[in-house]
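Please keep the sequence and the coordinates at hand while reading.

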Amino acid sequence: MKTITQQKPFEEIIQFLEREQRVYLIGCGTCATMCQTGGKPEVLEMKGKLEEIGKEVTGWMVISTACDSLTREALEEDIEAVQRADAILVMACAFGVQTVAQYVEKLVYPALNTLLLGHEDSPGHFSRICIQCADCVLAQTGGICPIARCPKNLLNGPCGGSEGGKCEINPDLPCAWHLIIERLTKLGKLDKLEAIVPPKDWSVSFTGSPPPPR
Amino acid sequence: MKAGTSLEKVLESGKFAVTAEVGPPRGTAASVIQRKGELLRPYCDALNVTDNQTAIVRMSSVSGCVLLKQLGVDPVMQMVCRDRNRIAIQSDILGAVALGIGNILCLSGDYQSFGDHPTAKGVFDLDSIQLIQLLSQMRDEKKFLSGENISGEVPLFIGAAENPYADPFEYRVLRLAKKVKAGADFIQTQAIFDVGKFAKWMEMVTERGLDKEVHILAGIIPIRAVGMARYMRDKVPGVSVPDGIVTRMEDAKEAREEGLKISLEIIEQIMDIPGVHGIHIMAVNWEDIVPAIVEKAGLLPRPLI
Ligand code: SF4
Ligand code: SF4
């Protein structure tokens, strides 16, 4: 499991940096390296691209785990180059971006989109297994999550669009409810689905709640 | 009687019901709904007003229902879970009842990526079964989901959709049973083209005795053009159109005539299937054909309630 990231379109990055001439680049040695979105090769590639459009890259580093508090020390080590920059472009997940922002008094821009905490099935292909909803329903669904894997979050699925085991919204996506029914049938436990699952407590999830106090 | 709507009365009296769908305009003209309402009034027992169907923004279902109501038509208000959370749902139901709407059809809703605002945030706070259960609680216990009391009566006749063609086929009847358990009073099915498969589904339904607990109205979509047949076969989730029907449309000299003929044949066969209590005609952008269908199917005059 890792934080799955994807590079933002370069045009979007250029827009952020429109008024910033000098840029410092930060990559991450953990998830972004594994996703090939913010490891050393990608950071160097970004450096080249930025220089090509006339930006000055005052320095770069790949922090071993950008979301960790050790990021503060890492930044200290190259503080002069960091300070010379107008802005920092962070090629890490959004945890990394916010960690850097916490330790440096500079504008910080994300170079990546943070997609999910997920599983990389093959390079560039991810599955969404759990979205950390904080009110786990796996007990009712045979260990397959309908919140992370059914686009409509159905607790009493499947919807009428499930066809041939595929989800109506995308034929590349397996229907989560098809999987659930298949699994419970195999286990001889389909009767588990007879009970109506009541509305979910969303108040504890990130979509429903204020952030916990820190 | 739960709500005393015309639809409920027709169904409860054991008569074969006819409903049809009215698509609201992508604009503000009441006349669009009024014209369709006037046209269909003598031919149907109730008219459904869709709720931002296929996730495309249209005039709201509740307003369409009120416009129909003013013409003396019994409306069925469709409500999807895609666009509102439990707070908005309950508030809309209170308002609908206050405006004299009694039939509500509960749906999950087409996913927003199919519509004209694919970047919208889908709500899906409840699913359609939870929605049905919530409405029966509001009606029978006069309580909100929270358990707090509702002041006043909440007379509702609760509907749900079901797709006999979706997979896994064997599970669909269990899911229907779940909807009945949640409190569904009537079911309007997805469009029926493959009558054989529908008959098989109905057999499973009647075996479980579900036809005694819920009124099943079979969905009918008249096909206007061969392109539409192909599009429904290949592109519309949950609709299954056999190749034979597409071929008939391809070979037809007069596509609309053939489409009408196909619908009439389907209705004739459906009326022979035990447990079917009515039809629901979804003539998307072709409402004008509904009178001909109802008349030629021998379903006139509609019972006076
Ligand atoms: S129900 Fe919630 S916590 Fe459980 S697997 Fe799904 S998203 Fe994760
Ligand atoms: S097809 Fe399956 S996964 Fe897709 S929205 Fe419907 S129930 Fe959910």
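Contact here means heavy atoms within 4.5 Å. Helices (H or I, at least four residues) and strands (E, at least two) are DSSP runs, numbered from the N terminus. This is a predicted model, in which local features need pLDDT of at least 70 and side-chain atom pairs count only at pLDDT 80 or more, while totals for chains, interfaces and linings use all residues. Residues are numbered from 1 along each chain as its sequence is written, chains are lettered from A and ligands numbered from 1 in the order in which they are written, and side-chain values use heavy atoms, with hydrogens and water left out.

In chain A, four strands form an open sheet in the order E3-E2-E4-E5, with parallel pairing; two strands pair if DSSP finds at least two bridges between them. Strand E3 (56–63) and strand E5 (107–110) of chain A are the edge strands, each pairing on one side only. From one strand to the next the twist averages 25°, where axes are lines fitted to C-alpha atoms, for helices over the stretch in contact, and angles run from 0 to 180 degrees between N-to-C directions. Helix H3 (residues 40–52) of chain A packs on this sheet and touches strand E2 (22–28), E3 and E4 of chain A. The direction of H3(A) makes about 170° with that of E3(A). Strand E4 (residues 87–91) of chain A runs parallel to E5(A), to which four bridges join it; Leu89(A) has Tyr109(A) in E5(A) as its bridge partner.

Another open sheet of chain A has three strands in the order E1-E6-E7, with antiparallel pairing. Its edge strands, each pairing on one side only, are strand E1 (2–7) and E7 of chain A. Neighbouring strands of this sheet are turned by 75° against each other on average, direction ignored. Six bridges pair E1(A) with strand E6 (residues 112–122) of chain A in the antiparallel sense, and the partner of Gln6(A) in E6(A) is Asn113(A).

Asp135(A) is partly exposed, with a relative accessible area of 26%; buried means under 20% relative accessible area, exposed over 50%, partly exposed in between (1.4 Å probe, protein chains only). Not counting residues up to four places away in sequence, Asp135(A) touches Lys200(A), Asp201(A) and Val204(A). Asp135(A) and Lys200(A) are 65 residues apart in sequence, yet 7.6 Å apart in space, C-alpha to C-alpha.

In chain B, the axes of helix H5 (residues 128–140) and helix H6 (residues 169–182) come within 8 Å and cross at roughly 20°. H5(B) is therefore roughly parallel to H6(B), since angles under 35 degrees count as roughly parallel, over 145 as roughly antiparallel, 65 to 115 as roughly perpendicular and the rest as oblique. Ser128(B), Ile129(B), Ile132(B), Gln133(B) and Ser136(B) of H5(B) meet Arg175(B), Lys178(B), Lys179(B) and Ala182(B) of H6(B).

Pro168(B) occupies the loop between strand E5 (157–162) and H6 of chain B. At 15% relative accessibility, Pro168(B) counts as buried. Leaving aside neighbours within four places in sequence, its contacts are Pro158(A), His178(A) and Ile181(A).
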